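Reader: Please give a close description of one residue of this protein and of its setting in the chain.

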Amino acid sequence: MRQTTNSILMIRPVAFRMNEQTAVNNYYQKVLDGLLPATVNAKAQEEFDTFVEKLRSVGVDVTVVNDTLDPDTPDSIFPNNWISFHQNAEVVLYPMFAENRRVERREDILEILEEKGFKIDSINDYTEAEEDGFFLEGTGSLLLDRKNQKAYCALSPRADEELFIEFCEDYDLAPVIFEAFQTVNGERKLIYHTNVIMCLGETFAVICADCIDDKKERKMVLDNLKEDGKEVILITEDQVNNFAGNMLEVKGADDKRYLVMSTSAHQSLTPKQIKQLEKHAEILSSSLDTIEACGGGSARCMMAEIFLPKKED
């Protein structure tokens, strides 16, 4: 199984803003005072376009789909939460916590990918769980180690344990379950998405172990990473606040590996960490300040990896 891909789906925003429905448990979102919604969206579009340009310039195959004004989807720029694409030509749809994020799921996106030559044989749909108030937000909630057949999940209001275990059983993955916290106004609160504190590369893992308060759980997670031969690169909670956990390894031209992150994430890293990471992949960063502030998500959240086979494969 491949751990990294050359193909990415990204959704270009049309009405990006801070989503009031997700702010209840995404503590990274901020209100940008004094900016008109149109200004926020224009800035987000500019950041998005620059980011796509940088990915394409190194040979990453980016499929850009434009969002629509109706329905209102302020978070559509983060498609990795509602969909994932797998090597067995299967698409998975996930149950979403915020009601206004559920309408991000669009069938026409599958048609666009099929037109591009990707093969889709089946759809595995977990979205019924929304009716019972259970959620699992895609590769935001679960981190897939495809090669070692494991999935990592920090439980939260957006990542239900039973649903995660069901997913792991369906895909023959060993579940690695823990809780991760951040300090909000002096209180330890659950981190909403696993991919904020953790990134799994082919030969390395970036993780904020300090967010896993339970020592046994912390050791269990780190042991899993080490036994799979990954170099573990530890980041701090302060770096997590700069989205240094929200990275993704992708392949560019000639299968060259790139580690994609935001400028704020890149700038928060120490020279030692950069050196550790550069042994595994070249760093590619882009400024996502507006998207990070209003959306509370960063580079990783914006990229839905496409592992689907091509029709002629």
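Author: For the charges, Lys and Arg count as positive and Asp and Glu as negative, with His and the chain ends left out; each charge is placed at NZ of Lys, CZ of Arg, CG of Asp or CD of Glu. On that basis, the mean positions of the 34 positive and 57 negative charges of the protein chain lie 7 Å apart. The model is predicted, with local features requiring pLDDT of at least 70 and side-chain atom pairs pLDDT 80 or more, while totals for chains, interfaces and linings use all residues. Residues are numbered from 1 along each chain as its sequence is written, and side-chain values use heavy atoms, without hydrogens and water.

The protein chain has 11 helices and 17 strands. Glutamate 305 counts as buried because its relative accessibility is 9%, buried meaning under 20% relative accessible area with a 1.4 Å probe, protein chains only. Of the 313 residues of the protein chain, 59% are likewise buried.

The side chain of glutamate 305 makes a polar contact with that of arginine 300 at 2.8 Å; a polar contact is a pair of N or O atoms within 3.5 Å, where within protein one must be able to donate a hydrogen and the other to accept it, and residues adjacent in sequence count only if both atoms are side-chain atoms. Leaving aside residues up to four places away in sequence, glutamate 305 touches Gln3, Thr5, Ser7, Ile8, Phe85, Arg146, Leu248 and Arg300, a contact being heavy atoms within 4.5 Å.

Definitions and conventions:
Helix = DSSP H or I, 4+ residues; strand = E, 2+ residues; numbered from the N terminus. Buried < 20%, exposed > 50% of the residue type's maximum accessible area, 1.4 Å probe, protein only.
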